[in-house]
Amino acid sequence: MNVVPRDLMTETAVSSADFRGAMRHLTGGVSVITAGRGKDITGMTVTSVTSLSVDPPTLLVSINRDASSFPLIRRYGAFGVNILAADQLDVAERFAGKGGLKGADRFAGSQWVTAVSGVPLLVGALSAVDCEVEEIVERHSHGIVIGRVSSVSSVRNSTGNAALAYWHGQYVAVDQDEDAARLAEVGVPARGLRGV
């Protein structure tokens, strides 16, 4: 297959609305990023967490540089990733700013423990990951924060717990057992599940 090089400088710019519309089709797992120490803490709900490397265990998250979490991640060099279960929708909404809560007030109503790095980790999360900042790459409006995993705690038994995801502007539950049963009912061919 021949690939024709394109002059990216002459391309028509994609509108923010078109890009957002396209990204609404991308289902993302919901996590709360926590940052800071002591009373100087905050956090935010994200769908931008991804694993980067298994050896060494490393992940990355994309954070808007105007977010209150960003300067605390820079200052303290650490952050927490709290992977939410479907029954933690209230936590996701609180850290997304619903109700106007900011900073330490977002932590009310849930139980937290302090990680070795000093960041708060959510008790009852599907998994809670303590990370040290390895590097921050700033591009456009966001910082790509690369975190070396210091510790992982899977507080819940992952079987039987639905995960919280975000798709088409809504929170949805992803339940392995329930969703597998639904797929079996509609008769999805096995070869269709193996990939392209």
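**Loops and their backbone**

Mentor: Pro 56 is found in the loop that links strand S4 (49-54) with strand S5 (57-64); a strand here is a DSSP run of E with at least two residues, numbered from the N terminus. This is a predicted model, in which local features need pLDDT of at least 70, side-chain atom pairs count only at pLDDT 80 or more, and totals for chains, interfaces and linings use all residues. Residues are numbered from 1 along each chain as its sequence is written, and side-chain values use heavy atoms, with hydrogens and water left out.

The peptide bond leading from Asp 55 into Pro 56 is cis, with omega near 5 degrees. Most peptide bonds are trans, and most residues other than glycine have a negative phi.

His 140 is not a glycine, yet its phi is positive, about 55 degrees. The loop holding His 140 runs between strand S9 (127-139) and strand S10 (142-153). His 140 is exposed, at 73% relative accessible area (exposed is over 50%, buried under 20%, partly exposed in between, with a 1.4 Å probe and protein chains only).

His 168 also has a positive phi, near 55 degrees, in the loop between strand S11 (163-167) and strand S12 (170-174). His 168 is partly exposed, with a relative accessible area of 28%. S11 and S12 form a hairpin with 2 residues between the strands. They pair antiparallel over 5 bridges, where pairing requires at least two DSSP bridges between two strands.

Key: Helix = DSSP H or I, 4+ residues; strand = E, 2+ residues; numbered from the N terminus.
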